Amino acid sequence: MTTLVELDGISKHFAGIHALTDVSFDIHAGEVHAMVGENGAGKSTLMRVLGGELRPDAGHIKIEGDLVRLSGPTDAIGRGISIIHQEMALAPDLSVAENIFLGELPARINWSKLRARARDLIQQLGFDISPSAIVSDLSVAHQQVVEIAKALSRKAKVIVFDEPTAVLSMGDAKRLLSIIDNLRREGVGIVYISHRLDEIFAISDRISVLKDGRNVATVKPSDVAVDELIRLMVGRPLSQLFGDKPKTTLGEEVLNVENLTLPNGVSGVSFKLHRGEVVGLGGLVGSGRTEVARAIFGADPIQSGTIQISGQPYTPRSPKEAVKRGVGLVPEDRKGQGVVLDMPIYQNATMANSSRVTRFGFYHSGRERNVVNGLIEKLRIKLAHMNDPVSSLSGGNQQKVVLAKWFNAGGDIIILDEPTRGVDVGAKTEIYSVIHRLAAEGKAVLVISSEHAELFGLCDRVLVMGEGKLRGELMPEEFTEEKLLTLSMTSAGTGAGSGTRKAMT
């Protein structure tokens, strides 16, 4: 098998921090080599070395057997290395064709030929996207297709995918994995970085594990179980991932939703939440889960139906009103809606409840520092200084800042929409611990997740949605992926299987 790229003994230090220590990694033609590890394990740093963005302190790089010293990203691209980052590097105001060939456009452009070339590349990937379309008008999945087409236009021999399915629906994720499989068949070497272990096992030929900037192991998917791979990554098995549920007493009803109907297709949704319980909201992407959460939080309008909080009528007209009534939402889009990335950590943590950091109506910096230090300790947020921007943190710690905001707000109802999306396995465990603590303190917690194992490991019961309707409820003894999918994909009362409850009304 032809080795396209070989990284041998790579080390990289930043201000005394050992980001990489003697790491070796290679990529063969026509294979998918997956890379896994917690945030901070060194995956991104190693890929920045491969992409020419960073120069290693030690070690060497070979491309098709030739020892090379990459002078920068342009040099790496010229040698057939293309990296598709989670945050896509597209020009949103330019067309699809312009983005694909950006950087190699001639002074005088033959637009018809340019669009024809772009159309050919996109059709090779099995899509029909107009080359004239403006990139900002495309879905995330189609923007990713444009990124792949751009890589193919540069004759990429190696393509790195960094968390490519983190924001994709299940259907779009499957299509992307199909594209990657076709690229592999054509001899392209693929590096696949993801926290979704089901995808890793489905698509990869080899899996390399990094931990604390060092190689831990390189294994074949057929030779290792999920439990063992997690143990290699974080030092503990899958059985310990969700931690022990604290003993909590089911308290009074705190949220009662009756026949909630929204303008966007959600209709007749009814359920209740009690203090001290963690309730899951499952179903396929597009089933209406997020829409229900946003409506309860006052972010989207309600067409009909009623909501009560602790027995009192509640009409959510805005998020501000929701917060006053004790409702908090950790949104699906953490970076766009959950935090202000450029603002300091301490301001993000206290923005939902300024009363705790003021005195007689005046801002009190000492009180704020005490509050934030308490939140940092309680949630084990890893940071250099609370004055640093949230953007300086890893994905898991950014999510903890969002959670800190709602801890500080002190509400009774916490809704978490995809709380561990894009977060490594170790950070997931810590977030699960936070969720257990919220329930133990008497909060009612509603968790929306596309990861069925997460719902089953975390929740006391799971409500299942499909096509805008609440299809049923599963209790712990009924927790199976088959039952959840059957409920979500069939009309209420048909094929749900014995033992599954109908939606609570």
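**Entry 1: the open sheet.** I looked up the strand order and found four strands forming an open sheet, S12-S11-S14-S15, with antiparallel pairing. Strand S12 (269-274) and strand S15 (312-313) each have a single partner strand and stand at the edges, so one side of each lacks a neighbour in the sheet. I then noted that helix H9 (residues 289-296) packs on the sheet and touches S11, S12 and strand S14 (304-309). The direction of H9 makes about 115° with that of S11. Strand S11 (residues 253-261) is joined to S12 by five bridges in the antiparallel sense, and Val 257 stands opposite Phe 271 in S12.

**Entry 2: terms and basis.** I worked on a predicted model, in which local features need pLDDT of at least 70 and side-chain atom pairs count only at pLDDT 80 or more, while totals for chains, interfaces and linings use all residues. Residues are numbered from 1 along each chain as its sequence is written, and side-chain values use heavy atoms, with hydrogens and water left out. Helices (H or I, at least four residues) and strands (E, at least two) are DSSP runs, numbered from the N terminus. Two strands pair if DSSP finds at least two bridges between them. Contact means heavy atoms within 4.5 Å. Axes are lines fitted to C-alpha atoms, for helices over the stretch in contact, and angles run from 0 to 180 degrees between N-to-C directions.

**Entry 3: strand S20.** I checked burial (under 20% relative accessible area; exposed is over 50%, partly exposed in between; 1.4 Å probe, protein chains only). Five of the five residues of S20 (residues 444-448) are buried, so the strand is largely enclosed by the rest of the structure. Ala 444, Leu 446 and Ile 448 cover one side, and Val 445 and Val 447 the other. Strand S13 (residues 278-282) runs parallel to S20 and is joined to it by four bridges; strand S19 (residues 413-417) also pairs with S20 in the parallel sense, over five bridges. I found Val 447 opposite Gly 280 and as the bridge partner of Leu 416.

**Entry 4: Lys 157.** I located Lys 157 in the loop between helix H5 (140-153) and strand S7 (158-162). Lys 157 is partly exposed, at a relative accessible area of 36%. Leaving aside residues up to four places away in sequence, Lys 157 touches Leu 4, Glu 64, Arg 79, Gly 80, Val 188 and Gly 189.

**Entry 5: confidence.** I recorded a mean pLDDT (the predictor's confidence in each residue, from 0 to 100) of 85 for the chain, with 90% of its residues at 70 or more. Over residues 492-500 the pLDDT is below 50.
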